[in-house]
Amino acid sequence: MTVVPVLLYHSVSDSPPEWIAPFTVPPATFAEQLDRIIDAGLTVVSLRRLVSAIRGGRALPPRPAVLTFDDGFADFYWSVAPQLQSRELPATLFVTTGAIHPPGGSPTGSLLGPADMLNWRQVAGLDAVGIEIGGHSRTHPQMDTLTSRALCEEVDLCKQELEEALGHSVSSFAYPHGYSSPAVRRKVLRAGWDSACGVANAFSSTSDDTLRLARLTVRADTSAATFQAWLDGRGALTAPFPDRWSTVGWRAYRRLRARLGLSLPR
């Protein structure tokens with residue numbers, strides 16, 4: 001079994017909105033982290049290659065890593081993509097379609113806070129230069145609390161909107177907040193998504209579940225020592241592993257609040 005750090009980023013900015021600041025990495029820090037990955041001798045591979053290896057395809061290099069980005073912040077276009085391209089590193093960007101807008105227009109709406117988000121022209125441009133574009137739902141809900149109908153809208157329409165914008169099929173999905181359940185994963189598979197990422201703050205591996213791939217969240221307060229430990233394969237569990245009792249209890253609590261019409265904690 002090969003252990004794989006699948007790194008999860010959100011915004012890369014010096015001046016993020018307050019609501020996403022804890023999950024934001026400054027551009028200088030991001031550049032340092034990319035260089036640290038390379039200097040540590042890791043090979044960044046695409047998410048698709050990890051999924052293929054899990055399913056018995058071509059073997060991964062000895063020390064692989066994967067880069068993923070959630071939501072679709074505009075800083076990906078200006079701050080992230082140039083850094084990736086200059087180092088020839090692959091990455092996957094998971095887009096919340098309701099937060100993306102036509103150039104000069106308004107988005108259809110999402111549960112994300114106010115922030116500068118990508119427009120559809122930029123998303124298509126990133127796709128054209130080799131960034132894998134994946135789905136991250138339409139509105140960014142806690143999907144394991146949704147009714148069946150609402151879940152279908154989030155999963156099916158997200159795929160439809162992306163494929164219409166890009167002109168080709170898309171296959172990778174990421175659950176907002178990392179929340180899923182067996183029912184959610186079955187729906188994602190039936191909708192035609194080939195793989196899906198959770199969070200778990202754990203290492204993925206060549207034995208991982210391709211519908212709940214584990215990722216490590218890089219936050220504003222992620223220290224250099226913690227980041228280096230991840231690159232060395234230390235400091236976190238390795239997937240797959242059963243849901244922790246705390247995860248099951250947290251899901252039940254959020255579902256109850258949803259049924260009662262109460263606001264959902266993150």
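How many residues does helix H5 have, and how far does H5 reach from its first C-alpha to its last? Point 2 takes this up. The model is predicted.

1. **Overall picture.** The protein contains 8 helices and 12 strands. The C-alpha atoms fill a box of roughly 50 × 45 × 35 Å along the principal axes. For 266 residues, a compact globule would have a radius of gyration near 18 Å. The protein has 17 Å, which agrees with that. Of the 266 residues, 49% count as buried. Now look at contacts with a separation of 6 or more: 64% of them come from residues 24 or more positions apart.

2. **Helix H5, length.** Find residues 148–166. Helix H5 has 19 residues. From first C-alpha to last, H5 reaches 27 Å. That is close to the 27 Å expected at 1.5 Å a residue. Just after H5 comes Gly167, with a positive phi of about 80°.

3. **Helix H5, buried residues.** Which residues of H5 are buried? They are Leu151, Glu154, Val155, Cys158, Lys159, Leu162 and Leu166. Keep the helix repeat in mind here. An α-helix has 3.6 residues a turn, so residues three or four places apart point the same way. Note that Glu154 and Lys159 are on the buried list too.

4. **Helix H5, partners.** What do the buried residues of H5 pack against? Two helices are among the partners: H4 (120–128) and H6 (182–190). Strands S7 (92–95), S8 (132–135) and S9 (172–174) also pack against them.

5. **Helices H1 and H7.** Two packed helices are described by the angle between their axes and the distance between the axes. H1 covers residues 27–39, and H7 covers residues 224–231. Their angle is about 35°, and their axes are 10 Å apart. H1 passes H7 in a right-handed crossing. From H1, the contact uses Gln33, Arg36 and Ile37. From H7, it uses Ala224, Phe227, Gln228 and Leu231. These residues divide into 4 nonpolar, 2 polar and 1 charged.

6. **Arg48.** Buried would need under 20%, and exposed over 50%. Arg48 lies in helix H2, residues 47–54. Leaving out residues up to four places away in sequence, Arg48 touches Glu132 and Ser171. Pro114 is 66 residues from Arg48 along the chain, and their C-alpha atoms are separated by 31 Å.

How values were computed:
Residues numbered from 1 in each chain as written. Predicted model: local features only at pLDDT ≥ 70, side-chain atom pairs only at ≥ 80, totals over all residues. Heavy atoms only, no water. Axes fitted to C-alpha atoms, helices over the stretch in contact; angles between N-to-C directions. Helix = DSSP H or I, 4+ residues; strand = E, 2+ residues; numbered from the N terminus. Left-handed = near helix turned anticlockwise from the far one by under 90°. Contact = heavy atoms within 4.5 Å. Nonpolar A, V, L, I, M, F, W, Y, C, P; charged D, E, K, R; others polar. Expected span 1.5 Å × (residues − 1). Buried < 20%, exposed > 50% of the residue type's maximum accessible area, 1.4 Å probe, protein only. Rg over C-alpha atoms; globule rule 2.2 N^0.38 Å.
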